[in-house]
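Have the structure open as you read.

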Amino acid sequence: MAVTASQDMSAGQGTAAGSLTAADGTPLKQRLAQALFRSRMRAFMLVCPLLAFILCVFAIPILIFMSRGFYDNTYERFMPDSAAVLQKWDGGSEPSEEMFAVVAADLVKARSHPDKPVGKVATRVNRELSGTRSLITGTARKAKKMEAPFKDAMIKANKKWADLDTWQALKVAATTLTPAYYAAALDMQYTATGEFKAQDELRQIYVKLFLRTLEISLVVTLATLVLGYPVAYLLSTLPNRISNLLLILVLLPFWTSILVRTTAWIAVLQGQGVLNDLAVFIGFVSDDDRMSLIYNKTGTLIAMTHILLPFMILPLYSVMKTVPPSFVRAAKSLGATNWTAFWRVYFPQTIPGIGAGGLLVFILAIGYYITPALVGGQDGVMISNFIDNHMRSTLNWSLAAALGGVLLIFVLFLYWLYDRIVGIDNMKLG
Amino acid sequence: MKTKPILLSALGALVFGTAAQAEETITVVSWGGAYTKSQVEAYHKPWIAKTGNKIISEDYNGGLSEVKAQVEAGNVTWDIIDVELSDAVRGCDEGLLEEIDIVDIPAGADGTPAVEDFIDGAIRDCAVANIVWSTIFAYDTSETTGVEGLKDFYDLEKFPGKRGMRKAPKANLEMALIADGVPHDKVYEVLSTPEGIDQAFAKLDTIKDQVVWWEAGAQPPQLLADGEVVMTTAYNGRIFNAAIAEDKPFEVNWDGQILDFDLWVIPKGAPHKDAAMDFLKFSTATEQLAAQASYISYGPARRSSGPLVGLFNDGKTEMAPHMPTAEANLKTALVNDFEFWADNQDELNERFNAWLAN
């Protein structure tokens, strides 16, 4: 605002009195622009280190990794000739002799390549169709001795080359810019003819996990709100001396390692744990019928609610601190009941705190990983645990990237929705 | 991950003996617990004494993820890793591991060339086996008696209670089929058909509610000791260690045991490749493999080590009957088919995870 105002002013003066000049004779307008540019540059230089840091260690690595979700050149890089031929094939007709010949030739080339990429290519194709790994590595060993007609030679080497499935898997693997991983992340299969079809029912898992992740995150957000709101209210109304003391009780677990808190919950909730022992002792449950509170969804919900509670209490507290108590007193003196005074006067003023706390807890919960991994058992694990699984044990980093991409899009969508409904300006962190 | 530098203090004097070689520190990665301990005793300590080099011993839970991450990032910190057979094959396929030339591997103590001395399949393009281990099931004899075979593992009426199983399809699917009456030599044939996979999962379904899933090899003996499970699948050496070294009343049932190799591999671009190679050659020599067998009940991968295996290090337990390769234990044994797993693990892992989550 200040910039445009001063520019207008100088422009105005300029037309009124010819052209105004600075002491050294340059037009004033130009000098002003220079001064403004310098101050902007100075501001930019100040944030530059942080910007560069975020770009280098956050934005660029994420973008590079996410590109793996739709870009996989393993096949095309090592077997370029057959990739080109497979691209031209319609994916449904009988594979031609040319296709057999060029795949055989590429296999010979790949086998003599110093990087030994046959295994990499085989692993890539195997992701599309189980069993093709040994087919490709096995055929590559024999490919050098093959002679035309290659169709017969390859089918003789392994009869799986006669299957259309094999060739369709090759075609999908040969597509470098591929939607196959994103399709897999949504329980679908990308076929050689360019269609998407539902994954075999017994292998469908990711959509279900996304929904479960959403459900757990929502329940945890709601639970932290219900539990945290009265605590924050109490803290904000007590005299400072006492509330500061109580605030330490909120912060103490916040400062404790997540691992320690999670394992503490295991000790409390497990079959032979404190809570079950107590319940058996008072006769609430029988000894043979102990409650299963951990290694399932219940365990995940309890532990996550506890761990994320401070993220709800702190924004709520800081907002409630700013609500003048005289407003509620005024409402009551005008005849409002306790409930009306709370609901119509106090509560609306705490909405920015609820918005901030809710969004914070929800976003943290949706990507939560270590707690569900430790206490989630089978039905309490979340999508992040499967991203981890593909990163660490199956080594399918492309699928991990696609799952992460879907999660990111999902979170951005929710953020947009939140902005539309509540308004992002209507949020206060402190 | 736990890093534990091995004590070296007493060995300083020996450094001068091999002054020609600069002192190096290599990172040896293995499975932790009783198993790593047996390697420290049988391989690390004598090697440190011989060469004056140092060893940092790290634990991991198997899989190639860390190796892949290190190799792809060009920042390899591990020098030599103890892996399962299917990972050795896959890692070699994917170009993550250094190739090992067979002529570099020394002959056995009796002069047999390495190719003949090692058990079939123990030397691969990128890996050399050190032990033969197996997945078995075990139980606490003070609580459970009269177990006949794998069928009983799935019999919740005769033996009610929780079962411990590794959270992975490997070994579980094979054992489920054997328990369902498939002859042990037909298991992979059946498992190669869609109906066979359905059959295995259907069998797993019958005990699904009762399963406690474990991931680290040290967990199953702990689960048994805590009474969390009545029976559990486990790596045979871990149960042996608990039973003999820690005097727990655990018993191994060898019916349908699944044999597998553990192999040394060197990641591509290992920082101390030559020293790691030296360690590999040293630790897979006849004496070292035999020495390891006196600390844990895993069979040595060299034939020439067999006759040297004697007593457990307590000085009284005969090791032979506790070995997975003992004649009596091999009757219904199954050798892990790494080709099958390398081909099908993506699909079966997916299906197993979907099955678990439902």
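## Strand S6 of chain B and its partners

B:Arg163 stands opposite B:Met231 in strand S8(B). Keep in mind that this is a predicted model. The strand S8 of chain B covers residues 231–235, and S6(B) pairs with S8(B) in the parallel sense, over two bridges. S6(B) also has strand S7 (residues 211–214) of chain B as a partner: four bridges join them, and they run parallel. One of the pairings to look for there is B:Gly164, whose bridge partner in S7(B) is B:Val212.

Which residues of S6(B) point which way? In this strand, residues 163–166 of chain B, B:Arg163 and B:Met165 point one way, while B:Gly164 and B:Arg166 point the other way.

## Strand S4 of chain B

S4(B) is mostly covered, with five of its five residues buried. On one side you'll find B:Ile80, B:Asp82 and B:Glu84, and on the other B:Ile81 and B:Val83, so both faces are covered by the 20-or-more C-beta cut-off for buried residues.

What does S4(B) pair with? S2(B) is one partner, in the parallel sense and over two bridges, and within S4(B) the residue opposite B:Val28 is B:Ile80. S9(B) is another, running antiparallel to S4(B) and joined to S4(B) by four bridges. Here B:Glu84 has B:Asp262 of S9(B) as its bridge partner.

## Helix H11 of chain B

Moving on to a helix: H11 of chain B spans residues 273–283, and its buried residues are B:Ala275, B:Ala276, B:Met277, B:Phe279, B:Leu280 and B:Ser283. What do they pack against? The list takes in both strands and helices of chain B: strands S2 (25–30), S4 (80–84), S5 (127–140) and S9 (250–265), plus helices H1 (33–51) and H12 (286–292).

The axes of H1(B) and H11(B) come within 10 Å and cross at roughly 120°, so the two helices are oblique to each other. H1(B) passes H11(B) in a right-handed crossing. On the H1(B) side the contact is made by B:Tyr43, B:Trp47 and B:Thr51, and on the H11(B) side by B:Asp278, B:Phe279, B:Phe282 and B:Ser283. Sorted by class, that's four nonpolar, two polar and one charged residues.

## A helix pair in chain A

Over in chain A, helix H16 (residues 325–333) packs on helix H17 (residues 338–366) at an angle of about 140°, with the axes 9 Å apart. H16(A) therefore counts as oblique to H17(A). The crossing of H16(A) past H17(A) is right-handed.

Which residues meet? From H16(A) come A:Phe327, A:Val328, A:Ala331 and A:Lys332, and from H17(A) A:Ala341, A:Val345 and A:Tyr346.

## Where the chains touch

The contact between the chains takes 29 residues from chain A and 21 residues from chain B. On the chain A side, the elements that give two or more residues are helices H6 (118–128), H7 (132–143), H11 (206–237) and H19 (383–392). H6(A) supplies the largest share, six residues. In terms of class, the chain A side has eight nonpolar, twelve polar and nine charged residues.

## Two residues of chain A to click on

Start with A:Val207, which sits in helix H11 of chain A. Buried or partly exposed? With 15 other C-beta atoms within 10 Å, A:Val207 is partly exposed. Beyond its neighbours within four places in sequence, A:Val207 is in contact with A:Leu186 and A:Asp187. A:Gln189 is 18 residues from A:Val207 along the chain, and their C-alpha atoms are separated by 13 Å.

Then try A:Ile387, in helix H19 of chain A. A:Ile387 is buried, because 23 other C-beta atoms lie within 10 Å. Neighbours within four places in sequence aside, the contacts of A:Ile387 are A:Ala400, A:Leu403 and A:Gly404. The C-alpha atoms of A:Ile387 and A:Gln34 are separated by 51 Å, with the two residues 353 apart along the chain.

Methods. Residues are numbered from 1 along each chain as its sequence is written. Chains are lettered from A and ligands numbered from 1 in the order in which they are written. This is a predicted model: local features need pLDDT of at least 70, side-chain atom pairs count only at pLDDT 80 or more; totals for chains, interfaces and linings use all residues. Two residues are in contact if their C-beta atoms, placed from the backbone, lie within 7 Å. Ala, Val, Leu, Ile, Met, Phe, Trp, Tyr, Cys and Pro count as nonpolar, Asp, Glu, Lys and Arg as charged, and the others, Gly among them, as polar. A residue is buried if 20 or more other C-beta atoms lie within 10 Å of its own, exposed if 12 or fewer, and partly exposed in between; C-beta atoms are placed from the backbone. Axes are lines fitted to C-alpha atoms, for helices over the stretch in contact, and angles run from 0 to 180 degrees between N-to-C directions. Angles under 35 degrees count as roughly parallel, over 145 as roughly antiparallel, 65 to 115 as roughly perpendicular and the rest as oblique. A crossing is left-handed if the near helix is turned anticlockwise from the far one by less than a right angle, and right-handed if clockwise. Two strands pair if DSSP finds at least two bridges between them.
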